[in-house]
Amino acid sequence: MSETENGAKIRDRTAGHHEAPIADEPRELFRHFAHWTAEIAGSVWVFIGAVVLIVVWLATGPLFHFSDTWQLVINTGTTIITFLMVFLIQNTQNRDARAIHLKLDELIRVSKGRNLFMNLEGLSDKELAELAENLAAMREKSVQNLAARAEAPKAEHY
């Protein structure tokens, strides 16, 4: 890790890839594996491979007389793949969401935005609902102010 001017610690390499000791950080091993798997699984070639696999499975239907075992093969395979992919995709989504929140927090910190909006993900549902109501009221007031400004020049002409 290295430090920036403001003292923030950052990784020496970009895109989330760095040399992490596997024995010391099993999470890093899983993160790398999840990232790699998500990249591969999201490629056009894996999609084409899946389509080909389904076409081959369908084509073998008459050979196996569309038996229960023939159907069970595709059902079991897709269930296992889906079950495992849910965890891998969730891991990458959590990481992406965390990174986006950090980026937004930094933009808020360096802009004229209110620091109140940093780390909103930590608020309860009730607190988020109250904040949403307050912002809706502020939006409505802003719309009314704009409408009043637009009407003011019209009133002067009469």
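Colleague: In which helix do F83 and F87 both lie?
Modeller: Keep in mind that this is a predicted model. F83 and F87 sit 4 residues apart, about one turn of the helix. The helix they share covers residues 68–110, and that is helix α3.

Colleague: And what kind of aromatic pair do F83 and F87 form?
Modeller: Look at the two rings: they are 5.1 Å apart, centre to centre. Their planes make an angle of 80 degrees. Planes over 60 degrees apart get their own label, so the F83 and F87 pair is edge-to-face.

Colleague: Is F83 exposed or buried?
Modeller: Its relative accessibility is 52%. The cut-off for that label is over 50%, so F83 counts as exposed.

Colleague: How many aromatic pairs are there by this rule?
Modeller: Rings pair up here if their centres lie within 6.5 Å. By this rule the count of aromatic pairs is 4.

Colleague: Is the pair of F33 and W36 stacked, edge-to-face or tilted?
Modeller: Those ring centres are 6.3 Å apart, and the planes meet at 35 degrees. Stacked needs under 30 degrees and edge-to-face needs over 60.

Colleague: What separates F33 and W36 along helix α1?
Modeller: Helix α1 takes in residues 26–41. F33 and W36 are 3 residues apart in it, so what separates them is about one helical turn.

Conventions. Residues are numbered from 1 along each chain as its sequence is written. This is a predicted model: local features need pLDDT of at least 70, side-chain atom pairs count only at pLDDT 80 or more; totals for chains, interfaces and linings use all residues. Side-chain values use heavy atoms; hydrogens and water are left out. Rings of Phe, Tyr and Trp (its six-membered ring) pair if their centres lie within 6.5 Å; planes under 30 degrees apart count as stacked, over 60 as edge-to-face and the rest as tilted. Helices (H or I, at least four residues) and strands (E, at least two) are DSSP runs, numbered from the N terminus. Buried means under 20% relative accessible area, exposed over 50%, partly exposed in between (1.4 Å probe, protein chains only).
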